[in-house]
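Please read this short report alongside the sequence and the 3D view.

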Amino acid sequence: MAQRILALEFVGDRVLAAVAERSWNSFNLAGMYDKVRADDEADLSGALSRLIAETGQPDIVISALPADRVAKRLLELPFKDARRLHQVVPFALEEHLPFPVDNGAVAFTRVGREGDHTLVMAAMVRKNDLQHHLDLLQKAGLDPKTVTLAPLALAAMFTRAHNGAKPMAHLVVEGDESSTSVVLVDLGGTPRALRSMRGGLMMSDGSAVSQDAAAPILNSVRQTLLAHGEEMDQTEVIVAGAAAAYPKVRGLVSDSLAMSVRDGGAFDYTGIFEGSVPNTGKYSSCVAMLLGELPSKPLDLINFRQGEFLFRGRIRGDLSPFYTSGILGAALLAVIIFHFSLGVYANLHRLGQVNAEIAAVAGAVLGETDPANAKAQLKTGIAKMNHRLTLIGGNLTHSPLDTLVAVSRALPPRFPVEMADVQIDSDGLRVTGQADSFGTVDLAKKALDKSGYFGSIEVAHAKAGSDPSKVDFRMDANFKGATPANERDE
């Protein structure tokens, strides 16, 4: 069954939206929508509700914060380890801001590398503004998985969808009647500047503003281009958003910069979406945000839903919440099959031993077995069988079956941990795997501790893995009353 993905952007008194349908091997643009706030409505929640009534309840929601409410900086950091980036970026961003980041939500995305250095686009929004945004969506019954920055997604989409004759850098001017954003992307596809300004280049009726009103915005656009002008001759200007639909606005930008201007809504998106895609025009930002949910190579969007704002909802049609339970269930099934097979083997083995004893008793008649050695051989075989049974947990106080059930109950649904190896012995449980962060490893440890099934629980090691967005870990959980692994080693 296909998932419906809804991307939202608030523009003045309007809600702009784009909907995509995603299956395991396809990604289609299903529609674009524009809903206006009614005169008697205090906010946009009514327009959102009318939108959902028309599009249907989405499985995944992506929304964008107003760009002029977000502080942005391009940072170059002398390392590429994901864990260190998460630790350092907030402090590195604070150095460029006239206020502390304690009251803000910080997010970033890696946009390039230069040798051993990592380029990140870091952004901060005040917590009050982010909470207000989430509350507005909640009124319409929406809980966004991702809250992002639309201009950055838009620039990344043009990099992917670029259909020019040769690689080009581009300056994206995106705006409406209330705000304007400018993103400069170099030939390698790396954002080099991102600015947002109050005020737009168009009137509510679609006509261009006067030269005097446009002057501050156009000067900022020109300064952005000149400040990174080493590729100016290879840079094309793209006007996107609501302003893209009006030739007069494009003409105003073209005359100011003395450069040709392209309509951002008229790009060829056939390499991204299946089927025909109409001119996206003012919906370009919403369409760009949809790329964050591509089935293959999704766009890495800045996401402010971190920390206290972490997305904890459930995605409709998504099987990922059952991955951990599925792994444990498969392991449980394997243990059950193994125990059953062992029982069959043990019964056959005992039957063989009884037959051997019978043969020993009848040895004088049958002449097949030495009666003098039969009893010793029987004891040796029984000892070996008991030893093997102990090794697989058959004689343990805590059976593997009970242990796996305890772990499955302790870990919450859709827990972002992938277990690569699970070992159970007479002392406890040994688990190795991958988690999405160090915090998740700590949450897993706390969850097992709260189960009451285990005594001491130790994280033997936790470090960034080959995938920089994952953390490799090993956790040792001893049964109550068992000797901890570190004491046994001593």
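Of the contacts in the chain with a separation of 6 or more, 63% are between residues 24 or more positions apart. These values come from a predicted model. The chain has 490 residues, and buried residues make up 46% of them. Its secondary structure consists of 13 helices and 17 strands. The accessible surface of the chain is about 24,500 Å², and carbon and sulfur atoms account for 52% of that surface.

Five strands form an open sheet in the order β11-β10-β9-β12-β13, and their pairing is mixed. At the edges are β11 (191-198) and β13 (261-263), each of which pairs on one side only. On average, neighbouring strands of this sheet are turned by 20 degrees against each other, direction ignored. Strand β12 (residues 235-240) and β13 run parallel and are joined by three bridges. Val239 stands opposite Asp263, which is in β13.

Two helices that pack on the sheet are listed here.

| Helix | Strands touched | Angle between directions |
|---|---|---|
| α4 (residues 150-161) | β9 (169-175), β10 (179-185), β11 and β12 | about 140 degrees, with β9 |
| α6 | β9, β12 and β13 | about 160 degrees, with β13 |

Both angles compare the direction of the helix with that of the named strand.

**A residue in α6**

Ser254 belongs to helix α6, which covers residues 247-257. Leaving aside residues up to four places away in sequence, Ser254 touches Met259, Ser260 and Val261. Val237 is 17 residues from Ser254 along the chain, and the C-alpha atoms of the two are separated by 8.3 Å.

**A nonpolar patch**

Which residues form a nonpolar patch on the surface? They are Phe340, Val344, Leu348 and Leu351, and together they have about 420 Å² of accessible area. Phe340 is placed in helix α8, which covers residues 323-361.

Is Phe340 buried or exposed? The relative accessible area of Phe340 is 60%. A residue counts as exposed when this value is over 50%, so Phe340 is exposed.

Technical notes: Residues are numbered from 1 along each chain as its sequence is written. This is a predicted model: local features need pLDDT of at least 70, side-chain atom pairs count only at pLDDT 80 or more; totals for chains, interfaces and linings use all residues. Side-chain values use heavy atoms; hydrogens and water are left out. Helices (H or I, at least four residues) and strands (E, at least two) are DSSP runs, numbered from the N terminus. Contact means heavy atoms within 4.5 Å. Patches are made of residues with over 30% relative accessible area and no salt bridge: like charges are joined within 9 Å, nonpolar side chains (Val, Leu, Ile, Met, Phe, Trp, Tyr) within 5 Å. Accessible areas come from the Shrake-Rupley method with a 1.4 Å probe; for residues, only the protein chains shown count as cover. A salt bridge is a side-chain nitrogen of Lys or Arg within 4 Å of a carboxyl oxygen of Asp or Glu. Buried means under 20% relative accessible area, exposed over 50%, partly exposed in between (1.4 Å probe, protein chains only). Two strands pair if DSSP finds at least two bridges between them. Axes are lines fitted to C-alpha atoms, for helices over the stretch in contact, and angles run from 0 to 180 degrees between N-to-C directions.
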